[in-house]
Amino acid sequence: MSKRIYLNAFDMNCVGHQSPGLWSHPEDQSERYNDLGYWVELAKLLEKGKFDGLFLADVLGVYDVYNGSRDSAVEQAVQVPANDPLLLVSAMAHATKHLGFGITYSLTYEQPYMLARRFSTLDHLTDGRVAWNIVSSYLDSAAKNLGLKQQIEHDDRYEIAEEFLDVCYKLWEESWEDDAVLRDKEKKVFANPKKVHDINHKGKYFEVPGAHLCEPSPQRTPVLYQAGASSRGRAFAAKHAECVFTAGPTAEIVKKGVKDLREKAKEQGRSPEDLLVFTVFTPIVGRTEEEAYQKYETLKSYISYDGALSLLSGWTGIDFSQYEPDQTLEYIESNAIQSAVEVFTKADPNKKWTIRELATFVGIGGRGPVIVGSAEQIADEIEYWVNEADVDGFNIAYTLAPGSFEDFVELVVPILQDRGLVQKEYQEGTYREKLFGSGKNRLTNGQVGLTVQG
């Protein structure tokens, strides 16, 4: 039997997210992103469909590379306006019991002392259902608005990330002993100060002498996601990540990155199975194949050419307004998401992409595959990707919100459940236990290159 498949919904606290222009479709409700009820409804729907988690993307800047301006991004709601993802989670967690929440937070513009407290707090409030998607950001517009002249160099961002994680591990795993908190009302002792330790961190980028502000949360360290797919990003993930998010237009292309990632994990002394790899996947499902393709043709008519290239220009750091629509893309080194360029240039030497083809491709589903078909065909394709690309799960992206998720829950999930591929019931426990098994609530010794208590 095929291995168990994990499912996340892929979303962002904004309008449209991965499919520029489709927000204007009369059935799309993503313009309700400011309405907390919208997010609570989505969380309940995903839990009904036995999704493992809701993966929330984020950016801290505006896509302003295309035409040297933010105008196209603002006009077409290309991930702007965008709200903070973390502030949604308490309400969604209160309305659900099992759904996990993967939250994207950029460490480039945070202090580890503060971010560690933020995640510990949320881990408490959700009964241990929180994951952190570790990113280092890629937009110059974010860097400039957060006090830098320009974006920090790609590999330098990962050097900062290494030390940032080191500080967080010390705060989450080493500062408070397991039995430090007593809650002894009779003796009037809440916690034993001898079992709360300063971390005394003094490094190249951070100096954090004191103790963690929070008592240990259910998971201590949130489940660690990482989404960097460059060579340096995969090396970072192989050392630190429990779950990895990747993207690519074909299973064959994704397979190469997954193989390299698992090999790098072995070099770190980890088992390749220590990592769960998720890839983005945009299903357009109908009750019949014909109905699905009718949906697809309709959706294509809403794609924004400028919006799609604005998104891609921001990802790659390349101003695609400088190219003619039928011009072929060539590889250009950039300081943004290097894998976003590589996946369309180097990964498949037999495929040459024109700018027009790129805009159409990115216009629905971003950098991942768009699969059109009946529920059975979508389920078949999911199985194919697991077997061919060696992925463990999917970040299911939407074209129309929440309709795409409703279709997937109603039509595709039951087929996957009947095939024994996705869960019919949730396992008890924290998010980490739901992903890795009962009793596996803590980071294990050597899992991320540190020694932890317990």
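The second largest cavity has a volume of about 40 Å³. It belongs to a predicted model, and the structure holds four cavities of 30 Å³ or more.

Who sits around that hole? Ser120, Leu171, Trp172, Trp176, His212, Cys214, Glu215, Pro216, Ser217 and Arg220 line the second largest cavity.

**The parallel strands**

Now for the sheet, taken strand by strand. Here is how the strands pair up:

| Strand pair | Sense | Bridges |
|---|---|---|
| β1 (residues 6-12) and β2 | parallel | five |
| β2 and β3 (residues 100-106) | parallel | four |
| β3 and β4 (residues 130-135) | parallel | six |
| β4 and β9 (residues 223-226) | parallel | four |

Start with β1 and β2, which run parallel and are joined by five bridges. Met12 stands opposite Ala57 in β2. To get from β1 to β2, the chain passes through helix α1 (residues 36-48), and this β-α-β crossover is right-handed.

Strand β2 covers residues 53-57, and five of its five residues are buried. In a regular strand the side chains alternate between the two faces of the sheet. In β2, both of those faces are covered: Gly53, Phe55 and Ala57 are buried on one side, and Leu54 and Leu56 are buried on the other.

On to β3, which β2 meets through four bridges. Phe55 stands opposite Gly102 in β3, while Leu56 is set opposite Ile103 in β3.

Why is β3 described as largely enclosed by the rest of the structure? Because seven of the seven residues of β3 are buried. Once again both faces are covered, with Gly100, Gly102, Thr104 and Ser106 buried on one side and Phe101, Ile103 and Tyr105 buried on the other.

β3 also pairs with β4, in the parallel sense and over six bridges. Two of the contacts can be named: Phe101 has Val130 as its bridge partner in β4, and Tyr105 has Ile134.

**A valine in a loop**

Val78 lies in the loop between α2 (71-75) and α3 (89-94). Is Val78 buried or exposed? Val78 is buried, because its relative accessible area of 2% falls under the 20% cut-off.

Which residues does Val78 touch? Leaving out residues up to four places away in sequence, Val78 touches Pro20, Tyr63, Ser72, Ala73, Gly307 and Leu311. Val15 makes a handy landmark as well: Val78 and Val15 are 63 residues apart in sequence, yet 7.6 Å apart in space, C-alpha to C-alpha.

Methods
Residues numbered from 1 in each chain as written. Predicted model: local features only at pLDDT ≥ 70, side-chain atom pairs only at ≥ 80, totals over all residues. Heavy atoms only, no water. 1 Å grid on protein atoms, 1.4 Å probe; cavity = no way out; pocket = protein on both sides within 12 Å on 5 of 7 lines; lining within 4 Å. Points joined across faces, edges and corners; volume = space filled by probe spheres on them. Buried < 20%, exposed > 50% of the residue type's maximum accessible area, 1.4 Å probe, protein only. Pairing = 2+ DSSP bridges. Right-handed = clockwise from strand over helix to strand, strands pointing away. Contact = heavy atoms within 4.5 Å.
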